[in-house]
Amino acid sequence: MKKILLLAAAFAFTLTGARAENYDILIRGAKLLDGTGSPWRYADVAINANRIVAVGVIPADTTAKKVIDASGLYVAPGYIDPHSHASEALEVATRAGCKALIMQGITTAVINPDGGGPADLTPQLKLITQSRPGVNVVPLIGHNTARITAMAYEERDPTPEELDKMREVVRKGMVAGAWGLSDGLFYQPANHSKTEEVIELAKVAAQYHGYYTAHVRDDADYNVGAVGAVDEVIRIAREGGLPGIVTHIKTMGPRAKGYSAEMIKHIMMARAEGLEIWADQHPYLASSSSLVAYLVPEALQNGGTPQILTRMGSAEMVNGIEQNLIRRGGADLIQIASYPTNPALEGKRLGAIAKDRGMNATDAAIAMFKESGGRIGVVSFTINEVDSDAFMQQAWTMTDTDGGAPVFGQGKPHPRTYGAFPYKIRRDVLERHVITLEHAIHAGTGLTAGMHGLKDRGEIREGAFADIQVFDLNKVRDTATYEQPHSYAEGEVYVLVNGQFAVDHGEFTDMRAGNLLLRDDKTVCNR
């Protein structure tokens, strides 16, 4: 009886989409990773226009305008990046093709993270549409932006009128098509906000079936601590009535090492309670932001760059920078990513710069602040690997890049911009065996689509959009390094965005087939 059932199941699978007809694209003989987390299986995939129309063993006499022999290759959904800073490129026609994303296999990017983006989404969305994006684009509306609109950078609670203005920014953003509320509680001015303020804005996003995603207040022990920061996201989700995401989840520096166990415990308890709490992460052990954000004490950031510069050299500033350097493991773990007034320092470590100048690291940092007007981007090698691995293994952790789409050759940006997804496959699946291949694909595709409510995305199945990658697992790798970050990933043989070839035979085509995905009842599926 068991043998009969197995034969029946195999026969049913063979018949899936088994119509001997002409298709636009037919992918033959691939190892299918369908995005659900299931192990790979052999399958053919047929595409008409922008949709997948058949998956299974398709008859040999079937024809197609283009047939791809995928023997020895894997076919999977295109990656969905839930935390992307690519908006700057997407708004410019000459850069909107987003080669750095496409060559990783990314076909959809969620923009305006960390509480940023414009207060009025309409002009941004118009620019992106006019620029013809190479990837699908999912917009968010930012808390930090809403606060600046209502009350600039004031270090206080909002008045009832100001809170109403913030609510209106969020409401208009959601009506314009935003999928959720992003936050940057680590950054000015949202770091002045009490949790209650955020909850009120989260309630607005919840009215439109949105979600909340936050760069938490603390990844170490700056203020509330990494565990307390996760608890804040849980509270906002609970009282705001919407899903919550701890974005680019991590622990930073020697003092926070091992905190993942308690952070995971609290998230699991919240999920057991019935709350939708999720996380996303990039797989590197370095973060990237500004030197101001990483070294200047929070209380001394008030008033923005002009006021910060007036405080440089004060005893409070000196002591605060010294403590933050200790918190981050020392000046040798901080690398200059961008320094517009002195590009020769890009790629160098703060400790080496201080040594060259005959100064201690704190004095060197202060001198650099003054020289640059505060405009220094950095990479900080302070993410704890044991915690990163623990987060990566969770069923609720998605993969992100936290990168953008930079001007090729400009500065020394974090290599995650060019290689986050293939880096995870190469290092964490193939070399270190931290997770399985099917887990890694699911964490970047079906899991992300399902959490965000992206209808017909993130899976290889009949009726889904043809956002597809076909890759050679033996060749998948990131080539970008911290020293030489401007280098595209390898291993993608074909990448399709809405059924159009963005990569063909391993070559970038600059086919602009991405769509602006706006939240409404037709585009959202049930989470």
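At what angle do helix α5 (residues 143–151) and helix α6 (residues 160–176) pack? The answer is about 135°, and their axes are 8 Å apart. Before going on, a word on the model: it is predicted, so local features need pLDDT of at least 70 and side-chain atom pairs count only at pLDDT 80 or more, while totals for chains, interfaces and linings use all residues. Residues are numbered from 1 along each chain as its sequence is written, and side-chain values use heavy atoms, with hydrogens and water left out.

**Two helix pairs**

Helices (H or I, at least four residues) and strands (E, at least two) are DSSP runs, numbered from the N terminus. Axes are lines fitted to C-alpha atoms, for helices over the stretch in contact, and angles run from 0 to 180 degrees between N-to-C directions.

Back to α5 and α6, which are oblique to each other. Angles under 35 degrees count as roughly parallel, over 145 as roughly antiparallel, 65 to 115 as roughly perpendicular and the rest as oblique. On the α5 side, H143, A146, R147, T149, A150 and M151 meet E162, K165, M166 and V169 of α6. The residues of this contact split into five nonpolar, two polar and three charged. For that count, Ala, Val, Leu, Ile, Met, Phe, Trp, Tyr, Cys and Pro are nonpolar, Asp, Glu, Lys and Arg are charged, and the others, Gly among them, are polar. Contact itself means heavy atoms within 4.5 Å.

Now for the other pair. Helix α16 (residues 416–431) and helix α17 (residues 437–444) have axes that come within 10 Å and cross at roughly 155°. That makes α16 roughly antiparallel to α17. Here too the crossing is right-handed. F421, K424, I425 and V429 in α16 meet L437, A440, I441, A443 and G444 in α17. This contact divides into seven nonpolar residues, one polar and one charged.

**One face of α17**

Which residues of α17 are buried? They include L437, A440, I441, A443 and G444. Seen down the axis of α17, its buried residues fall within an arc of 160°, so they line one face of the helix; the arc is that of the directions from the helix axis to the C-beta atoms. Among the elements covering them are α16, α18 (446–452), β5 (74–77) and β18 (468–471).

L33 ties in here. It sits in the loop between β1 (22–32) and β2 (41–48), and L33 and I441 are 408 residues apart in sequence but 7.3 Å apart in space, C-alpha to C-alpha. Not counting residues up to four places away in sequence, L33 touches residues including W40, Y74, L437, I441 and F471.

Buried means under 20% relative accessible area, exposed over 50% and partly exposed in between (1.4 Å probe, protein chains only).

| Residue | State | Relative accessible area |
|---|---|---|
| L33 | buried | 2% |
| D389 | buried | 15% |
| R235 | partly exposed | 27% |

D389 is in helix α15 (residues 385–392). Setting aside residues up to four places away in sequence, D389 touches R432 and V434. R235 lies in helix α8 (residues 225–240). Beyond its neighbours within four places in sequence, R235 is in contact with T195, E196, I199 and G240. R235 and G116 are 119 residues apart in sequence and 22 Å apart in space, C-alpha to C-alpha.

Note on methods: A crossing is left-handed if the near helix is turned anticlockwise from the far one by less than a right angle, and right-handed if clockwise.
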